[in-house]
Amino acid sequence: MDTKLGYIKNLNKDKKYIVEASDVIKNGGIVAFPTETVYGLGANALNIDAVKKIFKAKGRPQDNPLIVHISSKEVLDEITLEVPRIANIIMDRFWPGPLTMIFKKKDIIPNETSAGLNTIGIRMPSDEVALNLIKEAGVPIAAPSANISGRPSPTDMETCILDLNGRVDYILGSDSSEVGVESTILDITCNPPCILRPGGITLEMLKEIDDKIYIDKSLLDKNDKNLKPKAPGMKYKHYAPKAKVRLVEGSIEKTVEKINEMMHNYIDDGLKVGIMVTDETLSNYKDGVIISLGSRNNLSTIAKKLFSTLREFDNNNVDVIISESFEDTGLGLAIMNRLRKACGFDIIKV
């Protein structure tokens with residue numbers, strides 16, 4: 001198919017691109033569009049045929065549920081069976097923003113959207129282009145990340161074009177995504193609520209509202225082959241570049257030593273090696289394609305650069321990527337979740 005492109009420099013002056021993209025949604029097509037987390041690939045969440053196009057374009061497994069994006073809280077009454085009190089408190093604090101909540105769904109949400117579950121993930125993005133697109137379309141928009149399934153999620157229009165040109169009807173571009181990793185997913189159908197995917201809204205932030213909120217143990221269980229994913233990213237290998245990813249976890253000193261050892265072994269085997277590091281350790285590596293994510297003191301920058309850096313290694317045609325690790329606290333938990341999924345839990349502990 002021919003993919004049409006539209007780029008928003010100024011929301012008021014470039015409104016026509018919002019209208020064009022919303023018309024595609026209204027007519028059952030699929031649109032890549034920016035959000036504050038990553039770029040999404042959207043369709044009318046209530047249109048079965050449109051939703052199927054998302055799975056086809058991405059090559060996404062049919063049992064991997066989609067997230068529904070809305071532009072106002074009032075829509076919840078139309079698509080959910082109930083909104084618990086705790087959900088309202090959390091929404092007042094974090095919506096619009098990078099937080100998805102799992103609700104019991106009404107039948108108006110097709111099983112194709114929820115992957116046959118009686119629940120659905122819903123969020124209200126804070127990105128103005130995304131919000132205006134949803135409002136203009138007049139329907140909730142189901143949207144996973146706008147990439148080929150399993151690849152690093154896109155945080156800019158150029159990456160969407162690289163993955164999806166000719167596969168989708170419209171690519172709507174704007175600024176690069178601010179957060180850089182997908183939304184936190186919080187299941188509020190259980191008590192206490194449970195985090196199914198870490199993201200920009202951290203466990204620590206959510207515990208300020210309810211200190212009983214916890215992380216689902218399956219996030220760290222690589223062996224659960226029978227896991228039925230209640231939220232995107234729980235079952236399948238995700239966020240992976242073309243190169244093999246190895247993750248080294250441990251103290252900084254031991255990590256640097258191990259990565260240098262591994263790097264030289266790979267080079268001796270004739271492989272091109274990429275090393276994903278931080279500013280604090282950059283000078284400790286001399287060989288290979290070395291890219292810093294930024295300072296360990298600024299996890300927001302590291303999260304924002306994570307996926308684009310993984311793709312940059314692919315552009316350098318490396319065979320294997322060795323990455324440093326981060327502490328499993330705050331935003332570091334989301335970064336480590338993406339790295340562990342990217343390497344398929346192929347982790348070296350030192």
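In the predicted model, Lys4 stands opposite Tyr170 in strand 8. Lys4 belongs to strand 1 (residues 4-7), which pairs with strand 8 in the parallel sense over 4 bridges. Strand 8 also pairs in the parallel sense with strand 2 (residues 31-33), here over 2 bridges.

An antiparallel pairing is found between strand 9 (residues 184-187) and strand 10 (residues 194-197), over 3 bridges. In this pairing Asp187 stands opposite Cys194 of strand 10.

Helix 1 (residues 15-26) has 12 residues, which at 1.5 Å a residue should span 16 Å; the end C-alpha atoms are 17 Å apart, in agreement with that value. Its buried residues are Tyr17, Ile18, Ala21, Ser22, Val24 and Ile25. Viewed down the axis of helix 1, the buried residues fall within an arc of 150° and therefore line one face of the helix. The elements covering these buried residues include strand 1, strand 2, strand 3 (40-44) and strand 8 from the sheet, together with helix 6 (128-137) and strand 7 (141-142).

In helix 7, the residues Met157, Thr159, Cys160, Asp163 and Leu164 are buried. Seen down the axis of helix 7, they fall within an arc of 160°, so they line one face of the helix. Glu158 and Leu162 are exposed residues on the face turned away from the buried side of helix 7. Cover for the buried residues of helix 7 includes strand 1, strand 2, strand 3 and strand 8, as well as helix 2 and helix 10 (299-315).

The largest nonpolar core has 44 residues, and those with the most contacts inside it are Leu41, Ile70, Trp95, Met101, Ile122 and Leu186. At least two residues of this core are supplied by each of strand 3, helix 2 (48-58), helix 3 (76-79), helix 4 (85-94), strand 5 (99-104), strand 6 (119-123), helix 7 (157-164) and helix 8 (203-207). Helix 2 gives the most to this core, with 5 residues. Leaving aside residues up to four places away in sequence, Ile122 touches Val68, Ile70, Leu76, Ile79, Thr80, Trp95, Leu99, Thr100, Met101 and Phe103. A second core, separate and of 27 residues, includes Ala243, Ile291, Leu293 and Val318.

The protein is divided into domain 1 (4-219) and domain 2 (244-349). The C-alpha centres of domain 1 and domain 2 lie 28 Å apart. The contact between them takes 24 residues from domain 1 and 16 residues from domain 2.

Definitions and conventions:
Residues are numbered from 1 along each chain as its sequence is written. This is a predicted model: local features need pLDDT of at least 70, side-chain atom pairs count only at pLDDT 80 or more; totals for chains, interfaces and linings use all residues. Side-chain values use heavy atoms; hydrogens and water are left out. Two strands pair if DSSP finds at least two bridges between them. The expected span of a helix is 1.5 Å times one less than its number of residues. Buried means under 20% relative accessible area, exposed over 50%, partly exposed in between (1.4 Å probe, protein chains only). The arc is that of the directions from the helix axis to the C-beta atoms. Contact means heavy atoms within 4.5 Å. A nonpolar core is a set of buried Ala, Val, Leu, Ile, Met, Phe, Trp, Tyr and Cys residues joined through side-chain atoms within 4.5 Å. Domain bounds come from an automatic or database domain assignment.
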